[in-house]
Amino acid sequence: MRNHTMVTEFILLGIPETEGLETALLFLFSSFYFCTLLGNVLILTAIVASTRLHTPMYFFLGNLSIFDLGFFSSTTVPKMLLCLSGNSRAISYAGCVSQLFFYHFLGCTECFLYTVMACDRFVAICFPLRYMVIMNHKVCFMLATGTWMSGCVHATILTSLTFQLPYCGSDKVGYYFCDIPAVLPLACKDTSLAQRVGFTNVGLLALICFFLILVSYTCIGISISKIRSAGGRQRAFSTCSAHLTAILCAYGPVIVNYLQPNPSALLGAIIQILNNLVTPMLNPLIYSLRNKDVKSALRNVFPKKTFLEVSSN
């Protein structure tokens, strides 16, 4: 039996089929990342500073901004930017484990959070007079805590199954970050169990959450259709349109990427970048930067001249 040296670090090969484009991609992705940080800082600042925004909807938006600001995109993007700038592509074994765990922890938590936000819109549209009673502070806190805990359990299972396997052969990860489909082929033992659980947990979880969101919005659609005035229907729909747009941006990449029978490396990378970088950048614009309440809150926090550029978008 051959002796193998256990892997102590991995080499990230980067985005497939992008040789020679490093400088252009570095500039493009750095711009996206900066916009992500700036937009989500503005949203969090507005929500914290304005008592008018201390409502369940903005409480969950604040949670989403925390994910997009300091966690989800920051799990993979900084290392990707370092690699594109010519720095070492090596990542320690512990760093790879952490990257995989936090990526799935935060991705799953965000998935649950979108579902909770759909339930919030369902209560707001279908039971407007009882909205603040049903979605009280205790319920909101419990729902937010539940999303975090569920994401942690999900990520712990996937990470444990992936890294309980021995890695004693190649150390080259054919991707720009440590994800399950990129790391498992490097294992020295049978990976079928980890592949089945990863496929089921990630894909099925996204589909179940998407189904619950679909049910919520079906009920919302029925309620909106019963509103007599056109203005009332438009106002009700406007509170949901941003959430629906964000769902399409977030769930589409996950389902397409993990449910492909024979995934393309380049297509998978493009989808992951959309999910990791572009969607967190768009969320502030989709949800809040065109919202009158948020813009009003920002005007109260920042001088008028500072806010002109944001409000003119």
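**A first walk through the model**

Hi everyone, let's begin with residues 139-163, a span that is 100% helix and 0% strand, with its end C-alpha atoms 36 Å apart. Please keep in mind that this is a predicted model.

Now, the strands. Three of them form an open sheet in the order E2-E1-E3, and the pairing is mixed. Strand E2 (90-92) and strand E3 (172-173) are the edges; each has a single partner strand, so one side of each has no neighbour in the sheet. E1 pairs with E2 in the antiparallel sense, over three bridges, and Phe-10 sits opposite Ile-91 in E2. Lying across E1 and E2 is helix H3, which runs at about 85° to E2.

Phe-10 brings us to the inside. Which residues touch the most other members of the largest nonpolar core? They are Phe-10, Ile-15, Phe-29, Met-80 and Tyr-167, out of 37 residues in that core. Among the elements giving it two or more residues are strand E1 (9-12), helix H1 (22-49), helix H2 (56-84) and helix H5 (137-163). H2 provides the largest share, four residues.

Have a look at Met-80: leaving aside residues up to four places away in sequence, Met-80 touches Ile-15, Phe-29, Tyr-176 and Leu-277. Apart from this core lies another, of 36 residues, including Ala-124, Ile-125, Ala-250 and Ala-297.

Conventions. Residues are numbered from 1 along each chain as its sequence is written. This is a predicted model: local features need pLDDT of at least 70, side-chain atom pairs count only at pLDDT 80 or more; totals for chains, interfaces and linings use all residues. Side-chain values use heavy atoms; hydrogens and water are left out. A nonpolar core is a set of buried Ala, Val, Leu, Ile, Met, Phe, Trp, Tyr and Cys residues joined through side-chain atoms within 4.5 Å. Buried means under 20% relative accessible area, exposed over 50%, partly exposed in between (1.4 Å probe, protein chains only). Contact means heavy atoms within 4.5 Å. Two strands pair if DSSP finds at least two bridges between them. Axes are lines fitted to C-alpha atoms, for helices over the stretch in contact, and angles run from 0 to 180 degrees between N-to-C directions.
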